[in-house]
Structures are given as C-alpha cells and as structure tokens.
Amino acid sequence: MNRRVTVVTAVHGPSARFLPDAYASLCGQRLPDGWEWQWVVQEDGFTDEVRPHVPDGDARVTFRQGRPGGPGVARTIALARAEGTYVKVLDADDRLAPGALARDLAVLEADPAIGWTTSRVLDLLPDGSTAGFPGDPDDGPLERGAVLDHWRRNDFRAPVHPATLCVRRELLTALGGWMALPASEDTGLLLALSAVSRGWFSAETGLLYRKWEGQVTGQAPHGDPVERAARTAVAEARARDLADLGWSYPPAAPGPYASAPATT
C-alpha cells in the first residue's frame with residue numbers, strides 16, 4: 001500500500017524566499033503511523049533565483065524547473081513526480097497550520113466517497129499577525145455541486161479556499177490537473193471537483209495565507225475585468241458540462257445485469 005501524500009508547490013523567483021517557511025511548516029506536520037510526505041517543488045521557469053531556497057539533504061524533497069506557463073502548468077507538470085495516493089497543495093508563500101495533513105488524511109481515509117478536502121484559512125499579514133474572515137461553511141461534507149452553486153450566486157467567490165486543497169490523485173489526474181488559465185486555475189479545478197464529487201471542509205485552520213506586496217493575486221492584471229470575465233466563463237462551462245455529462249466520483253459500481261464481454 002502506498003501510504004504517502006504528495007505536497008505540490010509551484011514557485012517563481014519573487015516567492016522563492018518564502019520556501020524555507022513553507023518547508024518548516026511541512027516538517028512540523030505529524031502524520032499517522034506508517035504515513036510520510038513527499039514535497040515536489042516545481043519552478044515556473046528557468047532562473048537562478050529559486051534553487052538556493054530549496055532545502056538540501058532531505059530525500060523527501062525534489063526540485064525541477066520548466067518552461068514558464070503559470071502556477072497551474074507548474075503544478076500539473078509536477079504531477080509526473082507525484083508518488084502519493086493524495087496530492088496536497090502548498091503555495092510557496094504559504095504555511096501549513098499544525099495538524100493540517102493529518103486532518104486531511106483522516107477524512108479521506110475514512111470515507112472513500114469523499115474526493116477532496118479543504119479547510120479554514122487565516123491571512124498572514126506582513127507584521128506577523130493573522131486575520132480570519134466570516135462566511136465559512138460548517139465543518140463537514142460539501143455535497144456535490146455545493147461549491148459551484150455558491151460560486152455562481154456570490155459574484156464568483158468560492159465558499160472554501162482552493163489553496164487548502166487535498167485531493168485523491170486519481171481524481172485530480174482524471175480532471176486533467178489545474179486549468180490552463182493565467183489565474184484562477186485553482187478555483188477552476190475546485191469547481192470541477194465540486195461538479196463531480198463530494199468534498200469536505202474542516203473548520204480548523206489548515207493554512208496561513210501570506211499577504212505580501214509581490215503576490216500575483218494582488219497585481220493589477222489579476223483584477224482586469226475582461227480577463228476575469230473570460231476566466232470565470234471557461235471555469236463555469238467546464239464545471240457545468242462535467243455535471244451535465246453525469247460522470248461522478250467514485251464511479252458507480254456495475255449493476256448485476258452489466259453485460260458480459262462478447263464471445264465468439
């Protein structure tokens with residue numbers, strides 16, 4: 001049995017200086033007996049800025065570079081090195097809260113009908129303080145379609161944070177990984193997951209989401225209304241079409257009258 005969770009981190013030059021904090025938060029995780037983590041770090045590009053910040057001497061950590069294409073491309077290409085049953089997202093500038101991985105594993109191991117998990121987020125401010133925000137769902141399952149419905153009704157804002165995602169690897173690859181969008185690629189994946197499978201939200205804090213001057217979501221292009229409209233249209237169409245096609249995870253077991261292979 002593969003008892004490993006793969007933590008995937010996309011990184012570019014400006015965010016590389018935060019990798020040691022991300023690594024420390026990963027090393028602080030306490031997993032159930034018999035489990036281990038693997039950290040797959042993928043640079044979005046070829047520079048000399050990232051490698052010095054990647055920890056040396058830890059066999060659980062691998063680092064690669066690739067053609068620049070944005071965080072979704074970097075995370076998806078990193079799946080080639082993912083050996084775990086589950087894939088956990090950890091952005092380069094964020095930190096896992098204590099116990100986050102163990103809580104994800106507990107949910108996914110207990111119920112094979114849950115395809116993915118998310119958790120509460122606290123903003124990590126430049127002065128080191130943290131801030132939460134209202135509106136989190138209740139601790140427990142998120143029924144199929146719930147995230148997509150909320151997103152549609154609330155100006156394209158999801159009720160849970162995609163940066164906290166932990167997902168079954170087979171489900172992630174079946175959906176093609178992260179969307180090929182210049183931004184919101186993680187939200188697009190979250191909507192697709194919601195369209196085809198039940199998820200889970202943990203009300204315990206799972207992530208410290210760093211707020212800093214260089215983060216991509218804080219830059220002007222991220223809020224461009226024309227691009228934002230295009231991103232949301234594509235993400236919604238993908239999720240809606242997946243739901244309409246009727247495919248779901250886990251797939252239904254064959255019925256007693258399923259046809260047998262033809263013989264000659």
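Student: What makes strand E5 and strand E10 a pair?

Tutor: In this predicted model, strand E5 (residues 95-96) and strand E10 (residues 198-210) are joined over two bridges in the antiparallel sense. At least two bridges are needed before two strands are said to pair, and two bridges are what E5 and E10 have, so the pairing meets the definition. In that pairing, Arg95 stands opposite Leu208 of E10.

Student: Which strands does E4 pair with?

Tutor: Strand E1 (residues 4-11) runs parallel to E4 and is joined to it by four bridges, with Val8 having Val89 as its partner in E4. Strand E9 (residues 166-168) runs antiparallel to E4 over three bridges, and there Lys88 stands opposite Cys166.

Student: Why is Gln38 called buried?

Tutor: Gln38, which is placed in strand E2 (residues 36-44), has a relative accessible area of 7%. The cut-off for buried is under 20%, so with its 7% Gln38 is buried. By contrast, Gln38 and Gly246 are 34 Å apart in space, C-alpha to C-alpha, and 208 residues apart in sequence.

Student: Why are Asp155 and Ser184 called partly exposed?

Tutor: Partly exposed covers what lies between buried, under 20%, and exposed, over 50%. Asp155 has a relative accessible area of 44% and Ser184 has 22%, so both values fall in that range. Asp155 is found in the loop between H4 and E9, while Ser184 lies in the loop between H5 and H6. Neither is a glycine, yet phi is positive in each, at about 55° for Asp155 and near 65° for Ser184.

Student: What makes a group of residues a nonpolar core, and which members of the largest one touch the most others?

Tutor: The members must be buried residues of the nonpolar kinds, joined through side-chain atoms within 4.5 Å. The largest such core has 33 residues, of which Trp116, Val167, Leu171, Leu175 and Leu193 touch the most other members. At least two residues each come from E4, helix H4 (146-153), helix H5 (169-174), helix H6 (185-196) and helix H7 (225-245), and H6 gives the most, with seven. Leu193 shows the joining in detail, since its contacts beyond four places in sequence are Trp116, Leu165, Val167, Leu171 and Leu175. Another core of 31 residues lies apart from it, and among its members are Leu26, Trp37, Phe63 and Leu96.

Student: How are the packed helices H4 and H7 described?

Tutor: Two packed helices are described by the angle between their axes and the distance between the axes. For H4 and H7 the angle is about 145° and the axes are 11 Å apart, and the crossing is left-handed. Leu148, Trp151 and Arg152 of H4 meet Thr232, Glu236, Ala239 and Arg240 of H7, and by class this contact has three nonpolar, one polar and three charged residues.

Student: Where is Pro250, and what kind of peptide bond joins it to Tyr249?

Tutor: Pro250 is placed in the segment after H7, and the bond joining Tyr249 and Pro250 is a cis peptide bond, with omega about -5°.

Terms used:
Residues are numbered from 1 along each chain as its sequence is written. This is a predicted model: local features need pLDDT of at least 70, side-chain atom pairs count only at pLDDT 80 or more; totals for chains, interfaces and linings use all residues. Side-chain values use heavy atoms; hydrogens and water are left out. Buried means under 20% relative accessible area, exposed over 50%, partly exposed in between (1.4 Å probe, protein chains only). Contact means heavy atoms within 4.5 Å. Axes are lines fitted to C-alpha atoms, for helices over the stretch in contact, and angles run from 0 to 180 degrees between N-to-C directions. A crossing is left-handed if the near helix is turned anticlockwise from the far one by less than a right angle, and right-handed if clockwise. Ala, Val, Leu, Ile, Met, Phe, Trp, Tyr, Cys and Pro count as nonpolar, Asp, Glu, Lys and Arg as charged, and the others, Gly among them, as polar.
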